[in-house]
Amino acid sequence: AGAVEAVASTGGQIMPPVMGASAFSLAEILGITYFEVAARAAVPALLYYVTLLAGVHMEAVSDNLAPVPANEVSPARTVFSRGWTFLIPLVGLVALLAAGFTPEVAGFYAVLMTAGVPALRRLTRLPWKNYISAMAEGSKSSIPVVIACAAARYSGGICSKSATEVRSTTIGPAGSAATSLLGAALRAAAG
């Protein structure tokens, strides 16, 4: 189960609409929109998950694992009626990106939406004391991620503005593409 979770989570890096940071870097390097990158990644991402599903199914069949009884599975309508509000930040993020906001601004507003979503329903509403404590704890735990993202952005800027890239463009499209791919790989590794 742990391996399946790890593989499924890794697929989130290539699955539109919310892809990993490398998708934004790739869009910037290639000079295309994030949505063009997402559209081109959709089929490979779906194939990734189809392959994962097939592998899990074959493993379950080989281990004679029975499916969960239908009476123990919550109906989709019930699950959606209880948790539809949690789709608001995702839809908001995609809408902001589609409207042309930068990833940073869209991400900022999505974080604000995520913070506000629990207050929309009595079932998920927190007392203010707990809410403030959760926000403070979340801010503290995000510091390493913010530092990593800033470092990736800085190193990507160095790669894209270095003399190496400028010189490689005189070699021709192949040299420029290789340097751009190197820059994308460095950003992905740093982030």
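1. Setting aside residues up to four places away in sequence, Ala41 touches Ile14, Pro16 and Met19, where contact means heavy atoms within 4.5 Å. The model is a predicted one, in which local features need pLDDT of at least 70 and side-chain atom pairs count only at pLDDT 80 or more, while totals for chains, interfaces and linings use all residues. Residues are numbered from 1 along each chain as its sequence is written, and side-chain values use heavy atoms, with hydrogens and water left out.

2. Buried means under 20% relative accessible area, exposed over 50%, and partly exposed in between (1.4 Å probe, protein chains only).

3. As to the overall fold, the chain has nine helices and zero strands. Helices (H or I, at least four residues) and strands (E, at least two) are DSSP runs, numbered from the N terminus. Of the 191 residues of the chain, 19% count as buried. Among contacts with a separation of 6 or more, 57% are between residues 24 or more positions apart.

4. Thr85 lies in the loop between α4 and α5 and counts as buried because its relative accessible area is 1%. Leaving out residues up to four places away in sequence, Thr85 touches Val117, Leu120 and Arg121.

5. Leu120 is placed in the loop between α6 (103–116) and α7 (128–161). Leu120 and Thr85 are 35 residues apart in sequence, and their C-alpha atoms are 7.6 Å apart in space. Apart from neighbours within four places in sequence, Leu120 is in contact with Thr85, Ile88 and Arg125.

6. Trp84 is found in the loop between α4 (76–83) and α5 (88–98). With a relative accessible area of 41%, Trp84 is therefore partly exposed. Together with Val18, Phe80, Leu87, Leu90 and Val91, Trp84 makes a nonpolar surface patch of about 550 Å². Patches are made of residues with over 30% relative accessible area and no salt bridge; like charges are joined within 9 Å and nonpolar side chains (Val, Leu, Ile, Met, Phe, Trp, Tyr) within 5 Å. A salt bridge is a side-chain nitrogen of Lys or Arg within 4 Å of a carboxyl oxygen of Asp or Glu. Accessible areas come from the Shrake-Rupley method with a 1.4 Å probe, and for residues only the protein chains shown count as cover.
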